[in-house]
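Let's walk through a structure together, one feature at a time. Have a look at it first, and then we'll start with a single residue.

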Amino acid sequence: MSLQDKLDAFKADFQAGKPPYNVPRSVIETMHRATAELIASGAAGLALKAGDKAPAFTLDDPDGKAVSSTALLAEGPLVVSFYRGVWCPYCNMELQALQTALPTFQSLGASLVAVSPQTAPNSRKSVRQNALSFPILSDPRNDAAAAFGLRFELPDYLVELYKGLKNDLPAFNGDPSWTLPMPARFVVGQDGTILYAEVNPDYTRRPEPEDMLPALRSANRTVVA
């Protein structure tokens with residue numbers, strides 16, 4: 001089953017109010033409204049695209065070790081996945097799919113990192129919960145996400161909904177701003193050029209890991225040439 005098929009199956013159960021979420025229709029409608037407004041805003045169109053230069057970043061892993069995109073690119077191409085946090089089931093399914101694809105990425109000489117605004121303890125939970133073997137990095141205040149054009153501020157009505165659901169983003173992220181990144185995935189070549197970019201203002205839609213393979217193979221050909 002593809003990643004998107006799994007996401008669609010979860011979404012159908014969630015929106016039907018099935019256990020364990022048992023979410024009322026009013027909550028679903030509010031989430032739909034926020035997603036529709038983010039799509040309509042055109043924010044995704046302002047994010048970095050293939051052909052742009054990727055901003056360099058240095059972010060901490062859950063153990064406080066600094067991970068540098070520049071250092072990783074010195075060894076090969078880099079896959080960067082921005083996600084919302086361990087509280088997001090769609091993100092967890094995506095991380096699991098990326099973990100499955102990791103050996104293929106590595107066979108093409110690529111590194112993989114995932115970036116979210118959450119604190120180190122929540123990143124450790126991401127690693128445990130999803131059995132990950134690639135770095136999970138904390139992006140305080142979504143600064144790296146902003147550099148890629150992904151950061152957005154939640155509307156007031158969605159903040160109130162999240163508060164009502166005990167989804168306390170300031171506590172998850174150690175940041176009072178109520179901002180998130182649009183989920184996104186990039187392949188960056190060793191010269192810092194973005195070779196693949198997929199940004200999702202609809203957080204229930206994610207590209208397949210295999211979609212990045214042509215860009216990774218192209219990066220290898222470029223290095224060989």
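Q: Is Trp-178 buried or exposed?
A: Trp-178 is buried, because its relative accessible area is 12%. The cut-offs go like this: buried means under 20% relative accessible area, exposed means over 50%, and partly exposed is in between, using a 1.4 Å probe and protein chains only. As for where it sits, Trp-178 is in the loop between α8 (169-173) and β7 (179-181).

Q: Before we go on, what kind of model is this?
A: It's a predicted model, where local features need pLDDT of at least 70, side-chain atom pairs count only at pLDDT 80 or more, and totals for chains, interfaces and linings use all residues. Residues are numbered from 1 along each chain as its sequence is written, and side-chain values use heavy atoms, with hydrogens and water left out.

Q: How many helices and strands does the chain have?
A: Helices (H or I, at least four residues) and strands (E, at least two) are DSSP runs, numbered from the N terminus. Here you get nine helices and nine strands. The radius of gyration of the chain is 17 Å, close to the 17 Å that the globule rule gives for 225 residues, so the chain is as compact as a globular protein of that length. That radius is taken over C-alpha atoms, and the globule rule is 2.2 Å times the number of residues to the power 0.38. Along its principal axes, the C-alpha trace spans about 55 × 35 × 35 Å.

Q: What share of the chain is buried, and what share of the contacts comes from residues 24 or more positions apart?
A: Of the 225 residues, 51% count as buried. A contact means heavy atoms within 4.5 Å. Among contacts with a separation of 6 or more, 70% come from residues 24 or more positions apart.

Q: How do I read the backbone angle phi at Trp-178?
A: Most residues other than glycine have a negative phi, and most peptide bonds are trans. Trp-178 has a positive phi, near 55 degrees. Ala-131 is another non-glycine with a positive phi, about 50 degrees. Ala-131 lies in the loop between α5 (120-130) and β5 (136-138), and it counts as exposed because its relative accessibility is 59%.

Q: Which peptide bond is cis, the one from Pro-19 to Pro-20 or some other?
A: The bond from Pro-19 to Pro-20 is cis, with omega near 5 degrees. You'll find Pro-20 in the loop between α1 and α2.

Q: What about the faces of a strand, say β3?
A: In a regular strand the side chains alternate between the two faces of the sheet. In β3, Leu-78, Val-80 and Phe-82 are on one side, Val-79 and Ser-81 are on the other, and all are buried. Five of the five residues of β3 (residues 78-82) are buried, so the strand is largely enclosed by the rest of the structure.

Q: Which strands does β3 pair with?
A: Two strands pair if DSSP finds at least two bridges between them. β3 pairs in the parallel sense with β4 (residues 111-116), over five bridges. In that pairing, Val-79 stands opposite Leu-112, and Phe-82 has Val-115 as its bridge partner. β3 is also joined to β8 by five bridges, running antiparallel. There, the bridge partner of Val-79 is Val-187.

Q: How covered are β4 and β8?
A: β4 is mostly covered, with six of its six residues buried. For β8 (residues 184-188), five of the five residues are buried, so that strand is largely enclosed by the rest of the structure. On β8, Ala-184, Phe-186 and Val-188 take one side, while Arg-185 and Val-187 take the other.

Q: Where does the sheet go from β8?
A: Five bridges join β8 to β9 (residues 194-199), and the two run antiparallel. Val-187 stands opposite Tyr-196 in β9. The hairpin of β8 and β9 has five residues between the strands, and Gly-192 takes a positive phi near 90 degrees there.

Q: Is Arg-25 buried or partly exposed?
A: Arg-25, in helix α2 (residues 25-41), counts as partly exposed because its relative accessibility is 45%. Leaving aside neighbours within four places in sequence, Arg-25 is in contact with Gln-15 and His-32.
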